Amino acid sequence: MLAATRTIATARYALAEKFSQVGIDSADVDARLLMAHVLGIDRAELMANGERALNLDEMKAIDALGERRLKREPVARIFGRKEFWNLSLQVSPAVLVPRPETETVIEAALDAVMRDGLQMEKLRILDIGCGAGLLCEPFTRLGAQVIGVDPSATNIAAAKLHADKGHLSIDYRCTTVEQMDVRERFDIVLAMEVVEHVSDIGMFLNRCAAMLKPGGLMLVSTLNRNWKSFALAIVGAEYVLRWLPRGTHQWDKFVTPNELELAFERAGLQVTGERGVIYNPFADRWQLSSDMDVNYMLVAERAKEKSK
Ligand SMILES: C[S@@+](CC[C@H](N)C(=O)[O-])C[C@H]1O[C@@H](n2cnc3c(N)ncnc32)[C@H](O)[C@@H]1O
């Protein structure tokens with residue numbers, strides 16, 4: 001298929017053209033993902049090294065994966081699930097470091113994409129309280145259209161700067177959910193570590209739910225409210241270890257999984273999954289767990305419209 005191709009750029013165009021000819025909507029994105037995968041580089045490097053000549057082995061490997069995609073095998077399956085989101089989370093000095101929830105969030109989104117036969121390139125994702133873009137960037141690299149919202153001008157400036165460095169196009173907005181136009185529609189709404197900072201969770205979730213398309217997913221990570229979360233998240237993290245500035249959290253704003261589930265139900269969303277996130281001091285890293293005593297996340301879904 002690519003016998004006459006010499007450089008990264010010409011091979012990419014040829015591959016995208018082939019995909020497009022058989023009606024693959026995400027032709028360009030898929031060509032980039034497959035080539036970046038074979039060459040072991042990220043998509044920004046792929047674009048920057050367009051003039052580099054490919055060797056025969058690289059051309060054969062690109063050809064082999066291209067043939068599979070032409071037979072309509074999803075890119076996620078060609079790479080293998082884990083490898084697919086690893087690719088999206090590739091860590092380099094230009095990429096933000098992912099946390100364990102990042103993978104769970106990507107996994108949940110991929111589940112929805114595969115289950116409903118959707119294409120990542122067609123998804124509209126809203127990341128509320130996006131900070132510096134930790135989740136906006138991997139979803140954008142996967143091809144989704146991402147809107148990142150945060151009231152902090154400093155965060156939005158940092159997020160924009162980082163996205164520019166990685167040549168990523170992300171719609172960052174310096175605002176709050178409360179100020180957004182709820183007539184906008186999204187397939188996935190994310191609120192990671194945000195609800196413990198809002199004053200009216202019910203109103204916040206109602207607005208988020210209103211912006212979800214039928215069948216859409218909302219993912220929230222937050223802090224439980226009990227003596228353990230007081231000891232670890234406030235005394236431990238803010239006063240002893242000083243991971244966070246004092247006063248970052250107010251314990252009475254923490255929310256139990258039951259309260260959050262009830263608030264989701266009142267907003268018309270059904271909780272479909274829950275996970276705890278714990279710190280392992282021996283490995284010095286955060287990991288997913290069934291223990292939801294302190295940090296945890298819930299996944300909720302808006303019911304699909306009944307077909308008439
Ligand atoms: C603890 S940070 C979490 C940042 C990021 N989501 C993460 O997980 O790393 C909470 C963020 O939520 C933002 N935030 C607080 N209230 C908000 C609201 N009502 N709408 C949108 N963002 C909000 C804050 O400005 C802050 O950047």
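Trainee: How much of the 308 residues in the chain do buried residues make up?

Mentor: This is a predicted model, and buried residues make up 37% of the 308 in its chain. The chain has twelve helices and eight strands. As for contacts between residues at least 6 apart in sequence, 67% of them join residues at least 24 apart.

Trainee: How do I read a single helix?

Mentor: Start with the general idea. An α-helix has 3.6 residues a turn, so residues three or four places apart point the same way. Now take helix α9, which runs over residues 153-165. From first C-alpha to last, its 13 residues reach 18 Å, close to the 18 Å expected at 1.5 Å a residue.

Trainee: Which residues of α9 are buried?

Mentor: They are I156, A159 and A163. These residues lie on the same side of α9, because the arc they cover around the axis is only 65°.

Trainee: What do the buried residues of α9 pack against?

Mentor: Their partners are α8 (136-141), β2 (145-149) and β3 (171-173). The face of α9 turned away from the buried side carries exposed residues: A153, T154, L161, D164 and K165.

Trainee: Which residue with a positive phi follows α9?

Mentor: H167 follows α9, and its phi is near 55°.

Trainee: How do I describe two helices that pack together?

Mentor: Two packed helices are described by the angle between their axes and the distance between the axes. Here, helix α10 (residues 201-210) packs with helix α12 (residues 257-266) at an angle of about 45°, and their axes are 9 Å apart. Given that angle, α10 is therefore oblique to α12. The crossing of the two helices is right-handed.

Trainee: Which residues make the contact between α10 and α12?

Mentor: From α10, I201, G202 and L205 take part; from α12, A263, F264 and R266 do.

Trainee: Which residues of α12 are buried, then?

Mentor: L260, A263 and F264 are buried in α12. The arc they cover around the axis is only 100°, so they sit on the same side of α12. N258 and R266, on the other side of α12, are exposed.

Definitions and conventions. Residues are numbered from 1 along each chain as its sequence is written. This is a predicted model: local features need pLDDT of at least 70, side-chain atom pairs count only at pLDDT 80 or more; totals for chains, interfaces and linings use all residues. Helices (H or I, at least four residues) and strands (E, at least two) are DSSP runs, numbered from the N terminus. The expected span of a helix is 1.5 Å times one less than its number of residues. A residue is buried if 20 or more other C-beta atoms lie within 10 Å of its own, exposed if 12 or fewer, and partly exposed in between; C-beta atoms are placed from the backbone. The arc is that of the directions from the helix axis to the C-beta atoms. Two residues are in contact if their C-beta atoms, placed from the backbone, lie within 7 Å. Axes are lines fitted to C-alpha atoms, for helices over the stretch in contact, and angles run from 0 to 180 degrees between N-to-C directions. Angles under 35 degrees count as roughly parallel, over 145 as roughly antiparallel, 65 to 115 as roughly perpendicular and the rest as oblique. A crossing is left-handed if the near helix is turned anticlockwise from the far one by less than a right angle, and right-handed if clockwise.
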